[in-house]
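Visitor: I am new to this structure and would like to learn how to read its features one at a time. Could you show it to me and begin with the way helices pack?

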Amino acid sequence: METKTLILIAVFCLAGTTAFAAVKPTSNYIKSSCATVTYPALCEQSLTPFAKTIKRSPSQLARTALAVSFKQSQSTQAYLNKLKRFKGLKPRERSAIGDCLEEVSDSLDRVSKSINELKTCDRVKGQEFTWHMSNVQTWVSSALTDENTCMDGFGGRAMEGRIKTSVRAQITSVAHVTSNALALVNSFAQKKH
């Protein structure tokens with residue numbers, strides 16, 4: 001009985017070591033890829049949970065980064081929708097939130113299109129790859145602009161306060177993951193050439 005238990009423990013420990021060894025190079029790949037982006041710690045933190053999916057694939061890394069941006073944008077959109085229904089808003093704040101919601105919605109649409117277009121990039125080469133990748137780069141860059149434009153409606157001293165601070169935190173978070181996604185998309189485009 002003791003021998004069977006020891007063998008079982010030994011096999012379990014070896015299997016765990018192998019699994020750990022397989023994830024470690026993937027985590028290193030994510031870490032080294034994230035070292036080139038503007039927000040490396042955020043990049044690593046947001047992508048490491050997907051290490052098994054990403055493996056060592058630049059394409060999958062870029063797609064996953066876009067998916068993270070999409071999810072963060074959805075969360076921000078939901079937050080802004082709730083905030084817009086808040087009873088204590090000033091009319092100007094409500095209007096700025098509404099404008100911001102439009103920008104975030106546009107951003108979501110562009111990131112979604114980019115995710116689908118990036119899937120096409122895996123199946124094509126040469127000029128066709130360049131054309132599809134150019135679409136992805138343009139749309140992700142536009143999504144980032146949309147996110148940054150969102151804060152324009154909160155300009156001026158009259159808009160200072162908790163609402164502006166709260167919206168800025170949400171938008172900054174989504175803009176940072178989108179910026180990282182754009183950098184990883186650009187990196188993938190360079191590697192594929």
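Guide: An axis here is a line fitted to C-alpha atoms over the stretch of helix in contact, and the angle between two axes runs from 0 to 180 degrees between N-to-C directions. Please keep in mind that this is a predicted model.

Visitor: At what angle do helix α5 and helix α6 pack, and how far apart are their axes?

Guide: Helix α5, residues 91-121, packs against helix α6, residues 126-149, at an angle of about 160°, and their axes lie 8 Å apart. Angles over 145 degrees count as roughly antiparallel, and α5 and α6 are therefore roughly antiparallel to each other. The crossing in which α5 passes α6 is left-handed, and the contact of α5 with α6 is made up, by class, of ten nonpolar, seven polar and seven charged residues.

Visitor: Which residues touch the most other members of the largest nonpolar core?

Guide: In soluble globular proteins, nonpolar side chains tend to be buried together. Here the largest nonpolar core has 32 residues, of which L47, L66, L118 and M133 touch the most other members. The largest share of this core, eight residues, is given by α7. Leaving aside neighbours within four places in sequence, L118 is in contact with several residues, including L66, M133, V136 and F188. Another core, of 15 residues, lies apart from the largest one, and L80, L89, L101 and V104 are among its members.

Visitor: Is T165 buried or exposed?

Guide: T165, which is found in helix α7, has a relative accessibility of 51% and so counts as exposed, the cut-off for exposed being over 50%.

Terms used: Residues numbered from 1 in each chain as written. Predicted model: local features only at pLDDT ≥ 70, side-chain atom pairs only at ≥ 80, totals over all residues. Heavy atoms only, no water. Helix = DSSP H or I, 4+ residues; strand = E, 2+ residues; numbered from the N terminus. Parallel < 35°, antiparallel > 145°, perpendicular 65-115°, else oblique. Left-handed = near helix turned anticlockwise from the far one by under 90°. Nonpolar A, V, L, I, M, F, W, Y, C, P; charged D, E, K, R; others polar. Core = buried A, V, L, I, M, F, W, Y, C linked by side-chain atoms within 4.5 Å. Buried < 20%, exposed > 50% of the residue type's maximum accessible area, 1.4 Å probe, protein only. Contact = heavy atoms within 4.5 Å.
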